[in-house]
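Good morning, and thank you for coming.

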Amino acid sequence: MKMIEEIRKGLRRASEKAGIEDPAVHIEHPDELTHGDFSSNVALVYSKKLKTGAKELAERIIEEFMRYPPESVDSVSLAGPGFININLSRKYFVKSIQEILERENDYGRQEIGKGKTILAEYSSPNIAKPFTVGHLRSTIIGDAIANILDSLGYTVVRDNHLGDWGTQFGKLLVALEKWGDIGKIEKSESPIKDLAGLYVRFHTEAENDNSLEDMARVKFQELENGGNGEIQEIWKKCIDLSKKEFERIYEQLG
């Protein structure tokens with residue numbers, strides 16, 4: 001934000017005036033609201049190097065800073081062993097609220113990423129498996145990141161790749177052939193749960209029957225090679241059932 005950069009530049013200028021060469025100024029929000037809107041430990045960091053007390057150095061920095069304070073700053077104070085606490089002005093908050101009301105959803109938009117394209121990835125759930133809390137988390141994070149990048153001017157490509165390929169489908173095809181019925185699963189109230197149950201059963205049965213793993217590899221190789229019409233049809237039905245469930249959840253999330 002412009003306001004934070006102005007404060008950082010002001011502290012940097014004041015620190016140089018106080019005798020610190022090329023200072024790295026870190027600003028943070030204090031945990032306690034009574035400690036101000038922003039705080040800096042620059043005096044604590046450089047006091048040993050300058051062989052002076054942190055409080056004394058902080059006082060010099062504050063004095064220099066307040067010679068030409070940014071418009072957004074109301075007051076600066078010394079706290080604890082040498083922290084510099086900064087309070088923003090009422091005028092700044094009123095101005096900010098007015099800008100928020102005027103710009104509405106466009107508030108905070110910048111052009112940092114103008115002319116640049118960036119990829120934001122979402123949850124990328126797997127076909128024939130439930131949408132888990134882990135997928136929920138990465139969906140929300142992915143969407144938040146995409147929206148932030150968009151507001152910064154980037155051209156954002158949103159990618160939500162579905163895991164619809166791999167050896168697990170050979171296992172699922174074997175499980176469907178041995179213990180399932182895709183027709184019945186399509187009519188089920190919870191088709192994804194049924195498909196996931198078959199996948200789990202495959203692994204349980206495979207612990208005592210090594211031939212199942214070989215059968216799964218053969219099935220997936222058939223699928224990779226184009227397979228027969230039935231294998232392709234079952235695979236596509238698994239994708240369609242999964243997409244229907246994922247889209248239901250994404251619609252709820254907006």
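Helix H9 comprises residues 211–224, which is 14 residues, and spans 20 Å from its first C-alpha to its last. That is close to the 20 Å expected at 1.5 Å a residue, where the expected span is 1.5 Å times one less than the number of residues. Helices (H or I, at least four residues) and strands (E, at least two) are DSSP runs, numbered from the N terminus.

The model is a predicted one: local features need pLDDT of at least 70, side-chain atom pairs count only at pLDDT 80 or more, and totals for chains, interfaces and linings use all residues. Residues are numbered from 1 along each chain as its sequence is written, and side-chain values use heavy atoms, with hydrogens and water left out.

Which residues of H9 are buried? They are Leu212, Ala216, Lys219, Phe220 and Leu223. Because they cover an arc of only 95° around the axis, they lie on the same side of H9; the arc is that of the directions from the helix axis to the C-beta atoms. Buried here means under 20% relative accessible area, exposed means over 50%, and partly exposed lies in between (1.4 Å probe, protein chains only). The buried residues of H9 pack against helix H6 (167–179), helix H8 (191–206) and helix H10 (229–253). Just after H9, Gly226 adopts a positive phi of about 105°.

I turn now to the charged pairs. A salt bridge is a side-chain nitrogen of Lys or Arg within 4 Å of a carboxyl oxygen of Asp or Glu, and by this rule the count is 18. In one of them, the side chains of Glu71 and Lys95 meet at 3.7 Å, N to O. This pair links distant parts of the chain, 24 residues apart: Glu71 is in the loop between helix H3 (54–65) and strand E3 (73–79), and Lys95 is in helix H4 (residues 90–103). Both Glu71 and Lys95 are exposed.

Lys237 and Glu186 form another salt bridge, with their closest N and O atoms 3.5 Å apart. Here, too, distant parts of the chain are linked: Lys237 belongs to helix H10 and Glu186 to helix H7 (residues 182–187), 51 residues apart. Lys237 is partly exposed at 22% relative accessible area, and Glu186 is partly exposed at 38%.

Glu205 is partly exposed, with a relative accessible area of 31%. Salt bridges with shared partners also join Glu99, Arg103, Asp106, Arg109 and Asp150 into one network.

Finally, the sheet. Four strands form an open sheet in the order E1-E2-E4-E3, with antiparallel pairing. The edge strands, E1 (27–28) and E3, each pair on one side only. E1 and E2 (residues 38–40) pair over two bridges; strands count as paired if DSSP finds at least two bridges between them.

Glu28 stands opposite Ser39 in E2. Is Ser39 buried or exposed? Ser39 is buried, with a relative accessible area of 6%. Leaving aside neighbours within four places in sequence, Ser39 is in contact (heavy atoms within 4.5 Å) with residues including His26, Pro30, Phe83 and Asn85.
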